[in-house]
Every structure is written in C-alpha cells, then in structure tokens.
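Subject: Structure handover

Hello,

Here is the structure I promised to pass on. Please open it alongside these notes.

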Amino acid sequence: MCRWTTAAVVMFSLVVLGCSAQAQNRFDGWASAVIAADWRDSDGRAITAFDNAQRDLSKAFQRVGFDPASMVSVSLRPDVAAPVEAEDSLRRFAEAAERATRGCLFYVTSHGSPEGLVFGPEATLAPEDLIPVLRQTCGDRPTVVVLSACFSGVFVDGLKGPNRMVMTAARRDRSSFGCAADALYPYFDECVLDGLKTAPDFIALSRAATSCVAAREQAEGLSPASEPQTAIGANMQLLLPTLRFRPYEDRIGS
C-alpha cells in the first residue's frame, strides 16, 4: 500500500491548487489593496509621488491578473473631494477579502520610520497594528505584503509566515528614496512597476525590483543603500511559481 508523507501531501495540494489557478485567471478570488498612505514630503509639502504610484500600480496589477472588482485602490490624503479615512481603507480591504477568499495582496506606499508607516494624516501603522489586521482579514490564505517606505524592514519579522511573502523597500535601519517634490514615483514603486512588465511571478518581481533599486541608487551615488528585503514562507516558495502573472502585453488598453 502506498503511503504519502506529509510533505508529499502538501506538495500535491499546492500543485493541484496551482493547476486550478492556472485553469482560470491565476488571481481570481484574490482580494487586493493598493494604498497611498501619505501625500507629503519630509518638509510637509504636498507631493504626488505616492498617489501616482497607487494609481499606476493598481492598473499594473490589474494588467497582470488581479480583479479590479476585488481591489481597494485608495489614497489617504485629506485634501480631496471625498477623502478616505485610514480605518475605512482597512475595512474596505476586509470586505473585499470576505468576497474573494483565495488570497490577499496588500500594498502600501508611504513615508516610514523605525516605529512604522505613516498611515493617513495622523496615524502610524506599526507592525503590532498590521499583524492582527492581516491575520483577521486574510487568515491562512496565501498573502503577499508589499510595504514601500523608509525603515519598512521593521515589519518583516512580525509578518513573515509559511503562507506569506513580505517585500519591503528598505532594511529596518535604512531610508528609501524617491519622495521629493519633483519625483514621479518613489524609487521602489517605480522598480516594481518596471518589474511587472516582464516578471513571470512574485518571486521574480522581488528580484527584479531589488536589482533595479540597487542599480539606481548606485548610479545616483545614494548612500547608504536602502537594501529592499524579501521574506518568503515555505508554503509560498512552492505556490508562487504556479501563480504566474498574465503577460503584461495581454492587458494593453485594458
């Protein structure tokens, strides 16, 4: 009688899940959030880099397969006609995750500090705040967390787990770059946008974005280097290669 080891069962389950995902859109049933959580430079002046990133990253993730109907794409800046509160953005993400239960993508672009991310006009989203939000919203489903901010590496240890991939724009003790008044995007976000044009999956996207950031910082003589971080749990190491992005050119004009 053939006996399956636990590892073999896990592998078989992930392969079946991956094949099922490929039979339809790979990211059908995934809830996603792309949030611009600040709108100011270091001197408090209004800038557009975070909003530009939120707008264009949302479009790019839709082009590679994420469903716009299950995506929360918002800016937390208050100086607009219909401002979105920080708590409301998380509530909307939780509601999307109630409808789309196969996986989660949570992407925030903002300023950061060793204490956490700027999250709206007055709040700081600390690691101890985000951990229960993702646990309650996404549970054990596959989850990709991308945090684009200075010092965002402070989130890695608390967020990593077997069902998660965590990407951050910087080490826990380093700044990231590209938040000046004349910047189109923060550097990390721009590198993610570039990576989505050719990367086949999230693992390749992480490598492409990390290399892109390092090359740009070196070319511009920026120091110390931000050193983006990536942590991929054991289950996600097996699953992510089966969740391939839709070819970018297939969505041109969509």
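This is a predicted model: local features need pLDDT of at least 70, side-chain atom pairs count only at pLDDT 80 or more; totals for chains, interfaces and linings use all residues.

Residues are numbered from 1 along each chain as its sequence is written, and side-chain values use heavy atoms, with hydrogens and water left out.

**The chain overall**

The protein chain has 8 helices and 9 strands. Both are DSSP runs numbered from the N terminus: helices are H or I with at least four residues, strands are E with at least two. Of its 254 residues, 52% count as buried. Buried means under 20% relative accessible area, exposed means over 50%, and partly exposed is in between (1.4 Å probe, protein chains only). The chain exposes about 11600 Å², and carbon and sulfur atoms supply 52% of that area. Accessible areas come from the Shrake-Rupley method with a 1.4 Å probe; for residues, only the protein chains shown count as cover. Take the contacts between residues at least 6 apart in sequence: 72% of them join residues at least 24 apart. Contact means heavy atoms within 4.5 Å.

**Two sheets**

Strands of a sheet pair through backbone hydrogen bonds, either parallel or antiparallel. Here two strands pair if DSSP finds at least two bridges between them.

Strand E1 (residues 30-36) pairs with E2 in the parallel sense over 5 bridges. Ala-36 stands opposite Ser-75 in E2.

Another open sheet is formed by 3 strands, in the order E4-E5-E6, with antiparallel pairing. E4 and strand E6 (124-125) are the edge strands, each pairing on one side only. E4 and strand E5 (residues 116-118) run antiparallel and are joined by 2 bridges. Gly-112 has Leu-117 in E5 as its bridge partner.

**Two loop residues**

Ser-110 lies in the loop between strand E3 (103-109) and strand E4 (112-113). Ser-110 is buried, at 2% relative accessible area. Its side chain reaches the backbone oxygen of Val-118 at 2.6 Å. That is a polar contact: a pair of N or O atoms within 3.5 Å; within protein, one must be able to donate a hydrogen and the other to accept it, and residues adjacent in sequence count only if both atoms are side-chain atoms. Leaving aside neighbours within four places in sequence, Ser-110 touches several residues, among them Ala-37, Asp-38 and Phe-50.

Arg-102 is in the loop between helix H3 (86-99) and E3. Arg-102 is partly exposed, at 24% relative accessibility. Its side chain reaches the backbone oxygen of Arg-26 at 3.3 Å.

**Aromatic pairs**

The whole structure holds 11 aromatic pairs. Rings of Phe, Tyr and Trp (its six-membered ring) pair if their centres lie within 6.5 Å; planes under 30 degrees apart are stacked, over 60 edge-to-face, and the rest tilted.

Phe-27 and Phe-245 form a tilted pair, 5.9 Å centre to centre with 35° between the planes. They are 218 residues apart, and both are buried. Phe-66 and Phe-202 form an edge-to-face pair, at 6.2 Å and 70°. Phe-66 lies in the loop between helix H2 (49-63) and E2, and Phe-202 in helix H7 (residues 202-219), so this pair ties together parts 136 residues apart in sequence.

**Backbone points**

Most residues other than glycine have a negative phi, and most peptide bonds are trans. A cis peptide bond joins Ser-223 and Pro-224, with omega about -5°. Pro-224 is in the loop between H7 and E9. Glu-227 is also placed in the loop between H7 and E9. Glu-227 has a positive phi of about 55° although it is not a glycine. Phe-151 has a positive phi too, near 60°.

Best wishes
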